[in-house]
Amino acid sequence: MSSRGAEELDGHTVSTDAREGAENALELSIVVPLFNEEESVGPLIERICTAMAGFGKPWDLVLVDDGSADATVLRARQSLDREGLDLKIVELQRNFGQTAAMQAGIDTATGRLIATMDGDLQNDPKDIPGMVAALEERKLDLLVGWRKNRQDDLLMRKIPSWIANYLIGRFTGVKLHDYGCSLKIYRGAIIKQVQLMGEMHRFIPAWVAGVVPGSRIGEMPVTHHARQYGVSKYGISRTFRVILDLLSVMFFMRYKARPGHFFGSLGLGIGAVSSLILAYLFIDKFIFGNDIGTRPLLLIAVMLVLSSVQLITTGILAEMLARAYYRGDDTPNYIVREVITRESAQ
């Protein structure tokens, strides 16, 4: 080794500091959104530490408290001094929803890979090392957990999930068995290109498919446990929200950069229909001499003309808004009250 702190490695001179930095770089960040999970957070941390004991590479845990009204943050803080655990607690100012909490965790995460999971103990952290290995072996950018043997209520959870999975797969073209499983492994550089909005966390594979080929998205069967504490935040009404969200996803996937094409196509189609009706009425009036002033068809034609003009105008305005959007707006959809680490808590 020279006095400048460099050494020969595979025929190249490599800085010792750079080599050590690469060896100590964070390999994996585990992101867990929490909302009123005071009974679950302690056992959750214990299970994660046990599962990652043999991982062999640097990792950290990012807990995101989504405005909990119970002692979730207090219970999580008790693990800040745990030996061998690099823990960050992101406390949001209020309840912004699971998607925003997940986005906050992803933004905070610094690992080369990012794992997300629920905080209700239904996902099993023991699956994470195997999923990381599978993602690397299969050269994927996203590996989605498949709750093949799901331990949930049939009517309130499984049936809505089956309907949602069918609709999402049918209309987005991303073929997976289980879109709703929060246990996923991402390459950090890929998921950070995706901005999660609204309640779109269940559509993450579809959003990722917008930045990488579908061949780099896979799935893997994972363990699923029955809920031990608290109550589920979801029910049969989720199916209707999924349908509304699905319409938004389809629009953004196909027309995000060209919304004028969507509205313009509708406007031109309606305009063509109104033109045919008006042409028919013109012939009926001036060639056959029939009175059309009181005919409902004339009123329909006029309304269709107005609708056509309105849709085309909306398309132009949408194009202008899209151009303004692509200039860049980094405003997040959440507000962080505090990021708590071992050092800041002392």
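I began with helix α4, in which Gln 98, Thr 99, Ala 100, Ala 101, Met 102, Gln 103, Ala 104, Gly 105 and Ile 106 are buried. By "buried" I mean under 20% relative accessible area, with exposed over 50% and partly exposed in between (1.4 Å probe, protein chains only). Helices (H or I, at least four residues) and strands (E, at least two) are DSSP runs, numbered from the N terminus. Helix α4 spans residues 98-108, and nine of its 11 residues are buried. I then looked up what covers them: the buried residues of α4 pack against β3, β4 (59-65), β5, β6, α7 and α8.

**Basis of the entries**

I note that this is a predicted model, in which local features need pLDDT of at least 70 and side-chain atom pairs count only at pLDDT 80 or more, while totals for chains, interfaces and linings use all residues. Residues are numbered from 1 along each chain as its sequence is written, and side-chain values use heavy atoms, with hydrogens and water left out.

**Whole chain**

I recorded 12 helices and 10 strands in the protein chain. Of its 346 residues, 44% count as buried. The chain exposes about 18400 Å², of which carbon and sulfur atoms supply 58%; accessible areas come from the Shrake-Rupley method with a 1.4 Å probe, and for residues only the protein chains shown count as cover. Contact means heavy atoms within 4.5 Å. Among contacts between residues at least 6 apart in sequence, 80% join residues at least 24 apart.

**Confidence**

I checked pLDDT, the predictor's confidence in each residue, from 0 to 100. The chain averages 84, and 83% of the residues score at least 70. Where is confidence lowest, and where is it highest? The lowest mean, 46, belongs to strand β1 (residues 6-9), and the highest, 98, to strand β6 (residues 113-116). Over residues 1-14 the pLDDT is below 50, and this stretch has 17 contacts in the model beyond near neighbours in sequence.

**Salt bridges**

I counted a salt bridge where a side-chain nitrogen of Lys or Arg is within 4 Å of a carboxyl oxygen of Asp or Glu. The structure holds nine salt bridges. One of them joins the side chains of Asp 60 and Lys 88 (2.9 Å, N to O). Asp 60 lies in strand β4 and Lys 88 in strand β5, so this pair ties together parts that are 28 residues apart in sequence. Asp 60 is buried at a relative accessible area of 0%, and Lys 88 is buried at 17%. Among the residues that Lys 88 touches, leaving out those up to four places away in sequence, I noted Leu 61, Val 62, Thr 108 and Ile 340.

I next followed Asp 141. Its side chain meets that of Arg 187 in a salt bridge (3.3 Å, N to O). Asp 141 lies in the loop between α5 and β7 (142-146) and Arg 187 in strand β8, so the pair ties together parts that are 46 residues apart in sequence. Arg 216 also forms a salt bridge with Asp 141, with the closest N and O atoms 2.6 Å apart. I found Asp 141 buried at 6% relative accessibility, Arg 187 buried at 16% and Arg 216 partly exposed at 28%. Glu 27, Arg 112, Glu 136, Asp 141, Arg 187 and Arg 216 are linked in a network of salt bridges.

I placed Lys 184 in strand β8 (residues 184-187). Its contacts beyond four places in sequence include Ile 114, Met 131, Leu 142, Val 144 and Tyr 179.

Asn 36 is in the loop between β3 (28-34) and α2 (41-51) and is partly exposed at 29% relative accessibility. Leu 121 is in the loop between β6 and α5 (127-137) and is buried at 1%.
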